[in-house]
Amino acid sequence: MNQLILKRTIIFSFCLGVLVAIISLIPRFIALGYSVLAFFASVIVISFMKKNKRYLSYLTLEQSAVLGAVCGFVSTVAFFIVFCPSVCLIHLIFKNYYPYAIPYLLSSALWLFLVIVFVVALIFAATNSASAMGMQWVMGYFEKKPKGYDARIDIKVDD
């Protein structure tokens, strides 16, 4: 796997996680945010990277599984990095905003909160890996493997 592709995947996944966290601050959309993080983060990021073949061209099933796991893990961690402090801040300003027990966990059991975030990120990495493999399996019927394709070098970098 090309390191440049992994770096770009991490950046796009982090941006997606931040965007989902901001949208999830509205209480009606938190279930939608978790659904996107759990199942569709890798599909969104890989589809964006494959758009016009600018960042990514052809993936094998193994590569899509790795990229899906990276997308799921990074977007979940980014979600919690943005969502938790924002919930605490909004709860300080508006007392009737539901804090989802985040301020209490952060103040009394920070280690437990970090373990929960890590385990949820691992679970979402696994589900996003499967989602990315499923997407690539379906896309395999529509796009053909390029002639002379080398799995180690996916894009050409002109510096």
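Predicted model: local features only at pLDDT ≥ 70, side-chain atom pairs only at ≥ 80, totals over all residues.
Colleague: Which residues of α5 are buried?

Modeller: The buried residues include F113, V117, A121, F124 and A125. Further along come N128, S129, S131, A132, M135 and Q136.

Colleague: What do the buried residues of α5 pack against?

Modeller: They pack against α2 (30-50), α3 (61-93) and α4 (102-108).

Colleague: Why is F113 called buried?

Modeller: Its relative accessible area is 9%. The cut-off for buried is under 20%, so F113 qualifies.

Colleague: What makes K50 and E143 a salt bridge?

Modeller: Their side chains meet at 2.7 Å, N to O. The limit is 4 Å, so the pair counts as a salt bridge. K50 lies in helix α2 and E143 in the segment after α5, so the bridge ties together parts that are 93 residues apart in sequence. Both K50 and E143 are buried.

Colleague: How many salt bridges does the structure hold?

Modeller: One.

Colleague: And how many aromatic pairs are there?

Modeller: The structure holds 13 aromatic pairs. F79 and F80 form one of them.

Colleague: Why is the pair of F79 and F80 called edge-to-face?

Modeller: The ring centres are 5.4 Å apart, and the planes stand at 85°. Pairing needs centres within 6.5 Å, and edge-to-face needs over 60 degrees, so the pair passes on both counts.

Colleague: Are F79 and F80 buried or exposed?

Modeller: F79 is buried, with a relative accessible area of 0%. F80 has 13% relative accessibility and also counts as buried, because the cut-off is under 20%.

Colleague: What makes F80 and F113 an edge-to-face pair?

Modeller: Their ring centres are 6.4 Å apart, with the planes at 85°. The centre limit is 6.5 Å and the angle must be over 60 degrees, so F80 and F113 pair edge-to-face. F80 lies in helix α3 and F113 in helix α5, so this pair ties together parts that are 33 residues apart in sequence.

Notes:
Residues numbered from 1 in each chain as written. Heavy atoms only, no water. Buried < 20%, exposed > 50% of the residue type's maximum accessible area, 1.4 Å probe, protein only. Helix = DSSP H or I, 4+ residues; strand = E, 2+ residues; numbered from the N terminus. Contact = heavy atoms within 4.5 Å. Phe/Tyr/Trp six-rings, centres within 6.5 Å; stacked < 30°, edge-to-face > 60°.
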